[in-house]
Each structure stands twice: as structure tokens, then as C-alpha cells.
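Before you read my points, please look over the model for yourself. The notes below go through a few local features in turn.

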Amino acid sequence: MAGLYIHIPFCKSRCSYCDFHSGVQLALLDRFVDALRAELTSRVSYLKNETLETIYFGGGTPSLLSTEHLSAIFESIQSHWDISNCKEITLEANPDDLSEEKLEKLSELPINRLSIGIQSFNNNELKILRRRHTAQQAVDVVKRAQKYFSNISIDLMYGLPEQTISSWQNTISEALALNIQHVSAYHLTYEEGTLLERKRREGHVSPVLEEESIAMYHLLQNALHEKGIEQYEISNFAIPGFYSRHNSSYWKGINYLGIGPSAHSFDGESRQWNIANTLQHITGIEQGTPRFEKEVLSETDKYNELIMISLRTTDGISLERVEQEFGTNAKKELLKQSVRFIKSGIMLLEENHLRLSSEGLFLSDGIITDLMQEQ
């Protein structure tokens with residue numbers, strides 16, 4: 001069982017918060033798709049004949065690809081893998097790309113799940129983020145997409161400049177009114193090199209106070225819980241049966257192959273990542289000299305990854321798994337380190353699992369760092 005991630009590094013314009021590898025060199029699209037297909041063929045053996053369970057088109061903006069481009073990519077995938085039993089095939093999309101005609105054509109491809117980047121249902125917040133759609137357009141596109149897809153996720157963001165508890169409550173209410181299957185909600189991070197980070201540094205925007213961020217997170221948790229939408233990871237919520245299989249595979253340590261510039265791959269023993277430069281990546285594939293870096297994981301790396309990915313989920317860390325993979329002493333040391341978090345109520349010890357409480361999930365980064373082993 002394995003996953004396939006395909007990175008589409010193109011956008012019509014750059015959002016003010018985004019530090020993902022993407023660009024606006026749309027003239028490279030045809031050449032890029034050819035290189036992508038060649039890379040798929042050259043790296044089939046990476047997954048060692050494992051069954052492909054999930055495929056995920058991420059970016060960038062994968063919905064910028066024409067259905068002809070996507071058909072060609074699927075043709076290459078299907079020449080190497082049987083995807084007839086592939087349980088989840090996701091395409092990330094921006095609202096302004098999803099016309100009625102585009103949605104109808106997408107529904108004729110093997111894609112069975114859409115992840116739509118909405119971020120907010122507040123027009124002022126959308127302008128701050130430099131999104132290309134309005135709140136009403138976002139509502140309209142989800143309703144339009146529901147005629148063709150029965151598994152839809154939307155992305156939302158909180159902790160935005162000028163965002164209030166009231167406007168966040170309204171965004172949540174708008175999302176719930178759409179009766180979608182999955183919500184991913186992320187706190188704004190001021191990433192180095194982004195427009196928003198520069199504006200923050202120059203004093204043009206101010207980050208929200210931590211207390212407000214915590215209040216927004218709890219508001220989200222409670223509102224979705226009341227509607228029967230379960231939280232299964234720090235930023236991810238779904239109705240039962242609609243957890244993201246692909247993202248869950250990352251948190252469970254399942255092998256995956258990443259195709260495209262900046263894409264990461266994992267085979268259980270090592271990680272490999274492609275160069276984060278679209279033109280250089282294409283040229284390398286064309287010349288038969290792909291550019292990538294590779295890291296063989298030490299036992300400490302594997303332990304720290306287990307801590308990191310497990311504590312992101314509401315299932316938490318299996319102490320039995322820690323003992324099986326790293327020994328009794330590792331389990332004892334983990335329990336010893338966790339005592340102060342358990343006493344403070346931000347971590348729970350239940351059924352031989354350590355997991356973060358609802359309060360602890362918001363503080364996860366610091367807790368995870370404290371529990372990691374030193375290299």
C-alpha cells in the first residue's frame with residue numbers, strides 16, 4: 001500500500017502568505033507535463049510493486065492544468081499501476097478555475113475528491129490574502145462542484161490580520177452550511193520571503209494575539225464537533241468515512257512517491273526530495289540527470305518522525321509501537337518526559353496511547369520538540 005503525490009508548481013498569481021514552491025511561468029506547462037510523465041516512468045521502481053491506494057495532485061494550483069494535461073498524466077500513471085481500486089484521487093483546486101465545463105470534464109477523469117482552497121468567506125480577508133475569488137464565488141463554486149463530486153474538502157485559514165472572532169465564526173458557519181465532507185483549517189504563519197511577512201516586518205499588518213488564536217481554534221473545534229464533524233489531526237476535520245486517506249498515510253508512515261519539483265518521497269528507510277526549481281527540474285529530467293537530495297534516516301530520525309507525525313493526530317502515539325520499534329527504554333523515557341504535560345492536562349495517557357488534549361493540539365509544536373531525542 002502506497003501513495004503518489006504529484007506537485008504542480010504553477011499559479012496565476014502568488015498569494016500573500018504562500019511559501020510553497022510555485023511560480024507563474026505558465027508557458028512551461030506543456031514541457032512540464034512531458035517531464036512529469038517521463039519522471040513517473042523513471043521512478044516506478046521506487047514503490048517496489050506496492051499497491052497504489054491514493055493519488056494527490058498538490059501545488060501550486062493543479063486545477064490550472066487542462067483536462068488534456070491531466071488525461072495525459074493519468075495515462076502514464078495507468079501504464080505502470082492499476083488504479084481501478086485506488087480509493088482516493090484528490091485534485092487541489094482554486095475556485096476561479098472551476099467552471100461548470102471544467103467540473104464536468106474533471107468528473108470524467110479518475111479524480112474522485114476535490115480539495116478547494118477557499119481560506120475565508122470574508123471579502124476583506126480574501127483581499128489581504130490576495131486570493132482571486134470573492135466569498136460569494138466560493139459559495140457558488142462549492143455548490144456547483146457538488147453536482148459532480150461527493151467528496152469535497154475546503155481549506156480555511158484563521159489568525160489573519162484584521163480577522164475577528166465574529167468574522168471567523170461567520171466563515172465557519174458559511175462552511176458548515178455547504179454540507180461538505182472535510183475541512184482543513186490552518187493558522188496563518190508569517191513565512192520568510194512572503195508578502196505578508198514583509199508587511200508584518202514593516203509594521204503594516206499585526207499578528208493576532210495568541211489568546212485570540214486559541215479562541216479561534218477552540219471555536220472551530222466546537223462548531224464542527226456539534227455538527228458531527230470529527231477532528232482527526234491538528235488541522236483536519238471530516239465526517240465519518242471521509243478522513244483524507246492520502247494525508248493520513250503521511251501520519252502513519254506509509255511509503256509514498258513524490259513527482260515534480262520540490263516533491264518529497266519516502267520509502268521507510270530514507271527521504272528524497274526534488275530540487276525546488278521548476279526549470280532546473282524539467283531540464284534535469286529531459287537530460288536524464290534528475291536533481292534531488294536524499295537522506296538515510298537514523299534510528300533517532302525515525303523515532304523523532306514517529307513522535308512528530310503521531311502527535312499531530314488525535315489517535316496519538318502508540319506506546320506499544322514505540323516499544324516494538326525502539327525498545328523498552330525508549331518507551332520509559334517517553335513516559336518520563338510526558339509526565340509534566342499529562343499533569344498540566346495538555347496530554348492524555350489512555351489505552352496505552354499518549355495523545356494531546358484539545359488544548360494541547362494548539363500547542364503541539366512546542367510539545368513535539370520537547371519530546372524529540374537529540375541527534
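1. Is Cys 11 buried or exposed? Cys 11 counts as buried because its relative accessibility is 11%, where buried means under 20% relative accessible area, exposed over 50% and partly exposed in between, using a 1.4 Å probe and protein chains only. Cys 15 is also buried, with a relative accessible area of 15%. The count of disulfides comes to zero, a disulfide being a pair of cysteine sulfur atoms within 2.5 Å.

2. A word on the origin of these values. This is a predicted model, in which local features need pLDDT of at least 70 and side-chain atom pairs count only at pLDDT 80 or more, while totals for chains, interfaces and linings use all residues. Residues are numbered from 1 along each chain as its sequence is written, and side-chain values use heavy atoms, with hydrogens and water left out.

3. The peptide bond that joins Gly 59 and Gly 60 is cis, with omega at about 20 degrees. Gly 60 lies in the loop between strand E2 (52-59) and helix H2 (67-80); helices (H or I, at least four residues) and strands (E, at least two) are DSSP runs, numbered from the N terminus.

4. Asn 179, with phi near 55 degrees, is found in the loop between H6 and strand E6 (182-187), and Asn 179 is exposed, with a relative accessible area of 60%.

5. Helix H11 (residues 299-311) has 13 residues and should span 18 Å at 1.5 Å a residue, which agrees with the 18 Å between its end C-alpha atoms; the expected span is 1.5 Å times one less than the number of residues. H11 is mostly covered, since ten of its 13 residues are buried, among them Tyr 303, Leu 306 and Ile 309.

6. The axes of helix H12 (residues 319-326) and helix H13 (residues 328-344) come within 6 Å and cross at roughly 140 degrees, axes being lines fitted to C-alpha atoms, for helices over the stretch in contact, with angles from 0 to 180 degrees between N-to-C directions. That makes H12 oblique to H13, because angles under 35 degrees count as roughly parallel, over 145 as roughly antiparallel, 65 to 115 as roughly perpendicular and the rest as oblique. The contact (heavy atoms within 4.5 Å) involves residues including Phe 326 of H12 and Leu 334 of H13.
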